Amino acid sequence: MVASRGNTSNPARIPALGVRLLVLVLVSIVLMYLDHRQNHLDAVRKGLGAAVYPIQLIVDAPVRLWVWLRESTTARNDLQLEVGRLKAERLLTNARLQRLTALEAENARLRALLEARAKVRDEVRVAEIMAVDANPYEHNLVIDIGSTDGVYDGQAIVDADGVVGQVIETGLMTAQAVLISDTDHALPVEVNRNGLRTIAVGTGEIDRLDLPFLPNNADIRAGDLLVTSGLGGAFPAGYPVAVVDSVTRIPQEPFADVTAKPAAALDQVREVMLIWSAPAATEAPEDETSEEETPAAAQESGNE
């Protein structure tokens, strides 16, 4: 009996769900109408927005912090990668610039060699220096061609500016040469101005030659160009050797003290030219003479 009495009293106090929904819908329609017509709820809306904003910040803070950390980390990694890439590119660019500078200098030397080769009548071939003797008392170097290329002992070596040295030992693929500045090297030369002949001797200094066999009254002065005289057969005549640097005449001595500076930069040369003198040019007149004499001899024999 108590339970039934309680059940009959609840529907009288609590409205039905449908009635409550209908009341809420009507209230919402009335509020929207009033807000649309006269904007009575703007103050309420702004107040609610101001009250809710701190809550929105607190709720959104972890997400914003995570996004900021991720972007910061990603940006830092990207910047580090970009800095590394730029450093590598800078090093590569510098290396290429250095190589281009070296290539430019090499091209200039090769052009100078080609221009010098055009002035040379003898057969020549360009060779590259592979090694230089570290002994300060011996001015030797190694070139990258040998006997298989026709190189022979005593062969003359020049560059675009003048005489460099000569071959002293020939291998199959390489050859060893001595510079004209070596103390054991002597070279027959002549003064280009007047044809005065003498011997240029190496001093062991890369930029100085001595001419120890010139008397005090010899016609030589500073600035004279010394060229190969062709005597001795090793060096063809006419190649620049050195420029007279100083002439000191000593009355008490039979010979003057004469020094010269090599025309070639012996300590900077990278490519050289080996000279093959062509004997055919000297033998040709004999062949032509023999061919001209042959008909004459035949005519004499016919007359006999």
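This is a predicted model: local features need pLDDT of at least 70, side-chain atom pairs count only at pLDDT 80 or more; totals for chains, interfaces and linings use all residues.
Residues are numbered from 1 along each chain as its sequence is written, and side-chain values use heavy atoms, with hydrogens and water left out.

I then looked up the secondary structure and found four helices and twelve strands in the chain. These are DSSP runs numbered from the N terminus, helices being H or I of at least four residues and strands E of at least two.

I turned to the barrel, which six strands close in the order S6-S7-S8-S11-S10-S9 with antiparallel pairing; strands pair if DSSP finds at least two bridges between them. Within it I followed S10 (residues 240-248) and S11 (residues 257-262), which share six bridges in the antiparallel sense. Ser246 stands opposite Thr259 in S11.

For burial (under 20% relative accessible area, exposed being over 50% and partly exposed in between, with a 1.4 Å probe and protein chains only), I recorded that 23% of the 304 residues are buried.

Lastly, I examined Leu26, found in helix H2 (residues 17-38). Which class does Leu26 fall into? Leu26 counts as partly exposed because its relative accessibility is 49%.
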